[in-house]
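Please look through the sequence and the model before reading on.

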Amino acid sequence: MNDKATGNNVSEPDKKGLFLSIRSKMLIYFGSIFTIALTLFVLSEMFGIPFMNFKGEYERHQSDVFRNLNLVADLKKERLKRWVEERRGDARVLSESTMIRSHVASLLHLVDENIANGIAGNELQIELQKEISYQGLTQYLNLVRTTYGVYDKIQIANLLNGTVVASTRDQESGMNISQSDSFSKIIHQGYDEIIDVGKDPSSGILKLFILRAIHSYDGDAHAVLIMHINPDDFIKHTLHTGGGLGQTGEALLIDQDVKIITTLKYPLEDGTAAIPFEYQIKARPAVFAAQGQEGIIATEDYRGEAVLAAYRHIRLTSELGWGLVVKRDQTEIFAPLRESIFYRIFVGSLCALVMLGLTIFISRNLTRSIRRLSKTAREVEEGNLDVRASITTSDEVGLLASAFDSMLSHVQDWNTALNKQVKARTVELESKNAELERYTYTVSHDLKSPLVTIKGFLGLLEADMAKGDAERIKKDVGHIHNAADKMNQLLDELLELSRVGEVIGIRKKVSLNDLINEVLKLVEGQIKKLGIEVEIAPDLPVMYVDRLRLVEVLQNFIGNAVKHMGNQSKPCIEIGARQDNGEDVYYVRDNGIGIEPRYHENVFGLFNKLDKASEGTGVGLAIVRRIIEVHGGRVWVESKGKEKGSTFCFTIAKNGGGT
Amino acid sequence: MAKHEINGEPVTVLLVEDNPAHAELVIRSFEDHRIANRIHHVSDGEEALDYLLRRGAYADPAKSPTPHMVLLDLRLPRIDGLEVLKEIKSVKELEKIPTVIFTTSSAEVDVAKAYGYHANSYLVKPINFEKFNQLMDDIGFYWLAWNHHPWGD
């Protein structure tokens, strides 16, 4: 039981470590190879290959966006610049127009007179409005304003005291605007032209101002033209037209102090809307642009949001420059990429699933025959040699299986042959063993027997000698002699028997008929005396034997037949050959006393004598058997019983049992 | 002598011995010790069974009185001693007869087989004459004098 259990354990596959079937191995290998390859492919496609001139889609997309941003930024910069140029041109045209200059000169004069007369405020305004010059001038300015549609209002003021001499808004005439920042700049800094942003002192609205000095005919600047532009109305429009920036795109304009000029698209981080000209942007593109640099950058904007940005500097005058930033959120920019990653992963997973299915299918196909083979091998291990894998697939496994099957056939043949051989050898060994047993038995029994006799009669001899019984003494000595002789004979025969195997001489081709005739000559006298008729088959074969030994065998058989003729009135001995199952069997048959079937085996035993009265020690047939065995044959006796005669048969191997 | 009779019958021993010298040793020993007054000697197994089963030459019961003991050698011509023993122990009329194996063989197989066939005793012939003599004396005393016989004293 225990053996069997351990035997089974050996065949268990999970004896050592983790057992992985080929299928799971293939799944793991192919799965990991595929996943790694797919990941590498997607990653390289997305982000390029390091140290190689292959740019990933991410980078390509980013440079596309940058190109686009550059285009938009350049476009906007141009448009803004032109727009501002146009506005400056407007101012120049107006300030240098003869009509305006003459009107302004007369109005200035009028205002100066009125102020000198102490007239100011509404009265001055009324005085002005009465003037034809004023009416013509304001009419012209209004025409300009409505024609261009850009200007919020247009004013002309005295350069020296800031009194408004004309305005597209009548109620402003006569007002003093000398306190406004822009105005003071043009007075104090002596510029001919100023572009400025700031609060309109009359309305408080943030505005872009274009101021230009108006010169008298003498050439002195005596008045200033102030053109108000609401930046949100026009610049913002410019900034935000043109598209190409997607949903999150934004263009923003900042002044030299990085303060925004227009309102922002998004609220600030604290949720409030940034106020133009007050809110200063800290984000890098805006700062760079304000500093006069141009370029592109991937960074964070004023909200802290990751963006791609192009920044430009727009130089308006030698003193004034604006910064322009065109930016777009990276979230939006890379959304399609993310989407494509998602699709790629989706498609990749689909591929992986298909591949898994294929792998399972293939591995099952591949391993089916292997599993069958191992099942067969296990059955063989359990001792069933009749199984065959019988796999006919035309691949290596098929080859292996057919090799396995043919190996199995060979093993089976060997096994059968070996079993036969083992059986034969076992029978042989058993018979040898029995013989050996008989031999020991003989030594212990038959050799001791004469010793008992000798010692016993020696003892009796002493007593008889003491008594002086001569007759008995003679008898005792006789017994002792006989026993000693017997013992000698036994020892000789034992020795002979033991040497039969060794003393078989050279085997030669011998005619059986010749041998028989030779033996018959030896017993001729007795045969004649008893009147025994001898019949010999005429055409007995030639045998390959040790001639002397076979003579001994035949002598034994014929001698026994003669000896045990009994009271047969027509004694007869027949010597011949017959075929038993294709085997040549030679026999010596007599019609003597016969042997009862139960003694048929015994007669060949050592020292087994059926007839105690017969001479010999019972070793003859034992020697015969030994000789025949050494010649690769068998010997046996056939007899139907007492008085039925007996037939001694033997066979001889074709090669005489030699090797 | 009273020793020579059991219930008024003469003490009979059947000696089955193929070796005439041994037979003579036993017989003379018995005679010297005056153990049995009737020793019947047969020299092969077949003759022993003929005697016991009263067959052939021994058909007459007067010629073949039931022995008080069978002294049986093992290696016998025709019918082996063990066969004889087996026969004795399988025949109802004979099975009670004390059967003593008396042989030169001390082979374990023989001992085992003999007891397997219900031998009453297994004795090995001593080579030493004094011991042989002593054993004969002892067998006589033990089996024929001391021993109670199955068919009653």
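Two strands count as paired if DSSP finds at least two bridges between them. The model described here is predicted.

- Five strands of chain B form an open sheet with parallel pairing, in the order E4-E3-E5-E6-E7.
- At the edges of this sheet are strand E4 (38-42) and strand E7 (121-124) of chain B, each of which pairs on one side only.
- On average, neighbouring strands of this sheet are turned by 20° against each other, direction ignored.
- Helix H2 (residues 45-52) of chain B packs on the sheet and touches strand E3 (12-16), E4 and E5 of chain B. The direction of this helix makes about 155° with that of E3(B).
- Within the sheet, strand E5 (residues 69-72) and strand E6 (residues 99-103) of chain B pair in the parallel sense over three bridges.
- B:Leu71 has B:Val100 of E6(B) standing opposite.

**The sheet in chain A**

- Chain A has an open sheet of four strands with antiparallel pairing, in the order E6-E9-E8-E7.
- Strand E6 (250-254) and strand E7 (295-300) of chain A each have a single partner strand, so one side of each is left without a neighbour in the sheet.
- Neighbouring strands here are turned by 25° against each other on average, direction ignored.
- E6(A) and strand E9 (residues 321-329) of chain A run antiparallel and are joined by five bridges.
- A:Ile254 has A:Gly323 in E9(A) as its bridge partner.
- Helix H3 (residues 57-96) of chain A lies across E6, E7, strand E8 (306-315) and E9 of chain A, and runs at about 30° to E8(A).

**Where the chains meet**

- The size of an interface is often given as the accessible area lost when the parts come together.
- Between them, chain A and chain B bury about 2600 Å², with 52% of it on carbon and sulfur atoms.
- Chain A gives 30 residues to the contact, and chain B gives 30 residues.
- Three salt bridges are found across the interface of chain A and chain B.
- B:Arg28 and A:Asp476 meet through their side chains in a salt bridge (3.0 Å, N to O).
- On the side of chain A that touches chain B, the elements giving two or more residues are helix H12 (396-445), helix H13 (448-467) and helix H14 (470-503) of chain A.
- H13(A) gives the largest share of that side, 11 residues.
- The residues of that side of chain A divide into nine nonpolar, eight polar and 13 charged.

Notes. Residues numbered from 1 in each chain as written. Chains lettered and ligands numbered in written order. Predicted model: local features only at pLDDT ≥ 70, side-chain atom pairs only at ≥ 80, totals over all residues. Heavy atoms only, no water. Axes fitted to C-alpha atoms, helices over the stretch in contact; angles between N-to-C directions. Contact = heavy atoms within 4.5 Å. Buried area = accessible area lost by both parts, 1.4 Å probe. Salt bridge = Lys/Arg side-chain N within 4 Å of Asp/Glu carboxyl O. Nonpolar A, V, L, I, M, F, W, Y, C, P; charged D, E, K, R; others polar.
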